[in-house]
Amino acid sequence: MQERIQWLALLRGFNILLVVMGHVQLINMSTGVNHDFCVQISEPFRPFRMPLFIFCSGGLLYLSRIRKNWTVKNLYIDKFFRILCPFLFFVTFYYFFKLALNPFTKTKVFFSIGDFIESFAVYYNHPSAHLWFLPVLLFFMLLYPFFKWLCSKDLLMGIFLLLCIMFYYYDSHLFGDKNYFFIDNLHLYLVFFFSGLFFFKYELSRFFSTIWSCLFFITLYVLFYLYTDNTLLTSIIGICMMIAICQQIAKFYPLLFNSFREYIYQIFLLSFIFQPFVELILWKKLFYNESLFILFYMLNILSGIFLPVLISKFVERYGNNFFKICLGLKRN
């Protein structure tokens, strides 16, 4: 069990690093767009970056809640504080944060009460755009009674997994451009959430523990990424590849990413404060110099990871329950 937890913690740390890398923006003043390097270095991970995040969420629901037989009431209370409250806080925060950055950005926020209220339900073209993950995750958590019941029915587990795969290809436009609460995209993520739950219930990690399985999935992913357009299969193979890689790394460096891997949720919530600051203020306005590009690329990533960790640790130690709830941390 301990080995499985170690590689899973390492996997989650690796995952948030890839997410932060994918959000790096450093404008090349001669072209007016993001540097090619920022895009090219993260592009190979794009097919599975967020699917892996959601896969791990499903797996953790099984490991930490379903397997421990949490009641529906306790689960809902927990997710109210850990997901809904941070969501409400950060939608509000990022709205006014983006408003304050108006002089430095191309896409402006024009304040109105209606626009502010809409940003809680509609994310595209709003400062809350990156927070879509939270309502999606909250919706899946609301299905906890169903998932808990399903886990006692092996045959139905397999059938539902197949239905999730079929649902992935259902093209939903229920809410058109508005896409309230990201509902029109749920079909793209349910398969990954349930796959994580399925994976850990049946302890499928044992099939990914050898160096040969690692090499196999790396090769398979490269082939699918380069030569196919099947997004679902490419994402699933990418997740399998990361599981196999992290199981190998955990044998030699089990504490890799230990400095931040326990705070991946807080990094996700807070990194959008510090990465734009590096891009818009430090890079674009104060210290722009192409010869310093790699330095600022690393600074963007490090600030997006470790400043949220520092804030989280400070709040854990000195903050009251209000601030802990806002950051999705455990309350006293």
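Author: Let's begin with Phe 277, which is partly exposed, with a relative accessible area of 42%. That label applies because the value lies between the 20% under which a residue counts as buried and the 50% over which it counts as exposed. Please keep in mind that this is a predicted model. Phe 277 sits in helix α12, which covers residues 264-286. If you look from there to His 187, 90 residues away along the chain, the two C-alpha atoms are 34 Å apart.

Now follow α12 to its partner, helix α13, made of residues 293-318. The axes of the two helices come within 8 Å and cross at roughly 140°, and the crossing is right-handed. On the α12 side, the residues in contact include Ile 267, Leu 270, Phe 274, Val 278, Leu 282 and Trp 283. Among those that α13 brings to the meeting are Phe 293, Phe 296, Leu 299, Gly 304, Pro 308 and Ile 311.

For another phenylalanine, turn to Phe 146 in helix α7. Phe 146 is partly exposed too, with a relative accessible area of 31%. The largest share, five residues, comes from α8.

Definitions and conventions: Residues numbered from 1 in each chain as written. Predicted model: local features only at pLDDT ≥ 70, side-chain atom pairs only at ≥ 80, totals over all residues. Heavy atoms only, no water. Helix = DSSP H or I, 4+ residues; strand = E, 2+ residues; numbered from the N terminus. Buried < 20%, exposed > 50% of the residue type's maximum accessible area, 1.4 Å probe, protein only. Axes fitted to C-alpha atoms, helices over the stretch in contact; angles between N-to-C directions. Left-handed = near helix turned anticlockwise from the far one by under 90°. Contact = heavy atoms within 4.5 Å.
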